[in-house]
Amino acid sequence: MSDSVCGGIPCLWMRGGTSKGVFFRAADLPDDEKTRNALLLRIMGSPDPAQIDGIGGGDPLTSKVAILYPSSRPDADIDYLFLQVFVDQPLVVDTQGCGNILAAVGPAAIELGLFPARETETVLRIHMMNTGETATARIKTPGGIVSYEGSASIDGVPANHAPIPLLFEDLAGSMCGSLLPTGSVIDQIEGFGCTLIDNGMPCVILQAEDFGISGNESREYLDSNADLKTRLEAIRLTAGRLMGLEDVRQKSIPKMVLVAPPENGGVISTRSFIPHRCHASIGVFAAISVATACLLEGSPASLVARLPENETFRIEHPSGAADVLLTLEEDRSVASAGVLRTARKLMSGNVFPGPE
């Protein structure tokens, strides 16, 4: 570590997509994973539902960490490790990536001095250490300075900001080894037909109507439905083993996604869980996995989806919709995916962890 804990640890507090997190240079954190994770729990204020003694916001969407390293690979400019800090449990996990926080990695790398900005626009290739894949981000840098001002908007975030296009290739099997880990489009678990899929994020996709709901309920209503969450968790535990993820009781994957017909002109309506609380929107990689599932004949997603005439899949969620661009092969398989996100620097300085 380059700075002592007593003197504070340099960091950025940033919004990436529809999430917020704290961004660190790897050199400013302990090398030992156990020591590092204990420190991050104190920084975020976990375990505590309100995270009152830390900088976390009492929600999985605002209890996230990005650690940035100089590139270790010739095909990337920066290495990015995502960590989900549980709110009410003493857990820090790296079993998944985060596409929303990814949107802020490029700006943060420049702000933290890990990558030089170019004139007008800076293109960064980001090695996502959680999964091994790379993403390409395009950052507005007029005069060699990151600009967060622009006209791009994403649902779930007020106001407009500079656009940050993210492009991905070879996402299939990011954590499970293949797009369909069981080899089947439909698996029966606990009496429910579901698709176990991994195109950037391991997801279990089920029809909402099978659970006696419309799939367009509010986040608050679904979070208060204890019976629904108990059934989803039972399915998740079995699905985790079937997907090769072993025991997922203390993991944030796979994500559970309930799908329904779209209500606002999109392709499909979603309610996703991360993994035990309903997401205010939907994660970037979960949205890509859902869009891909819409193309699988006979899957729960395909049965309710209204496929677009072009390659833009508008995935509806509680806060609006997320646009996923799928580049398709002749056989309708997915060749690559892209999304448009925004990010903003919220605070820069030193963070002071609480007592051990």
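**Close-up views of a predicted model**

**View 1. Helix α6 and its buried residues.** In α6 of this predicted model, the buried residues are Val284, Phe285, Ala286, Ala287, Ile288, Ser289, Val290, Ala291, Thr292 and Ala293. The helix, which spans residues 284–293, is thus described as mostly covered, with ten of its ten residues buried.

**View 2. Strand β16 between two antiparallel partners.** Strand β16, covering residues 334–341, pairs in the antiparallel sense with strand β8, residues 164–169, over six bridges, and it also pairs in the antiparallel sense with strand β15, residues 320–328, over five bridges. Ala337 of β16 takes part in both pairings, being the bridge partner of Phe168 and also the bridge partner of Leu326. The hairpin of β15 and β16 has five residues between the strands, and among them Arg332 takes a positive phi near 75 degrees.

**View 3. Two residues other than glycine with positive phi.** Arg332, in the loop between β15 and β16, has a phi near 75 degrees, a positive value in a residue other than glycine, and with a relative accessible area of 42% this residue is partly exposed. Ala159 likewise has a positive phi, near 70 degrees, and is also a residue other than glycine; Ala159 lies in the loop between β7 (134–141) and β8, where it is exposed, with a relative accessible area of 55%.

View 4. The peptide bond from Ser46 to Pro47 is cis, with omega near 0 degrees, and Pro47 belongs to the loop between α1 and β3 (64–70). A cis peptide bond also joins Ile253 and Pro254, with omega about -5 degrees, and Pro254 is placed in the loop between α5 (226–242) and β12 (255–260).

View 5. Asp31, Asp32, Glu33 and Asp94 form a negative surface patch. Of these residues, Glu33 is found in helix α1, residues 33–44, and is partly exposed, its relative accessible area being 47%.

**View 6. The salt bridge of Asp28 and Arg25.** A search of the whole structure finds 13 salt bridges, and one of them is formed by Asp28 with Arg25, whose closest N and O atoms are 2.9 Å apart. Asp28 counts as buried, at 2% relative accessibility, whereas Arg25 is partly exposed, with a relative accessible area of 25%.

View 7. The side chains of Glu121 and Arg138 meet in a salt bridge, with an N to O distance of 2.9 Å. Because Glu121 lies in strand β6 (residues 120–128) and Arg138 in strand β7, the pair ties together parts that are 17 residues apart in sequence. Both partners are partly exposed, Glu121 with a relative accessible area of 26% and Arg138 with one of 34%.

View 8. Asp155 lies in the loop between β7 and β8 and Arg314 in strand β14 (residues 312–317), so the pair ties together parts that are 159 residues apart in sequence. Asp155 is partly exposed, with a relative accessible area of 28%, and Arg314 also counts as partly exposed, at 31% relative accessibility.

Technical notes: Residues are numbered from 1 along each chain as its sequence is written. This is a predicted model: local features need pLDDT of at least 70, side-chain atom pairs count only at pLDDT 80 or more; totals for chains, interfaces and linings use all residues. Side-chain values use heavy atoms; hydrogens and water are left out. Two strands pair if DSSP finds at least two bridges between them. Helices (H or I, at least four residues) and strands (E, at least two) are DSSP runs, numbered from the N terminus. Patches are made of residues with over 30% relative accessible area and no salt bridge: like charges are joined within 9 Å, nonpolar side chains (Val, Leu, Ile, Met, Phe, Trp, Tyr) within 5 Å. Accessible areas come from the Shrake-Rupley method with a 1.4 Å probe; for residues, only the protein chains shown count as cover. A salt bridge is a side-chain nitrogen of Lys or Arg within 4 Å of a carboxyl oxygen of Asp or Glu. Lys and Arg count as positive and Asp and Glu as negative; His and the chain ends are not counted. The place of a charge is taken as NZ of Lys, CZ of Arg, CG of Asp or CD of Glu. Buried means under 20% relative accessible area, exposed over 50%, partly exposed in between (1.4 Å probe, protein chains only).
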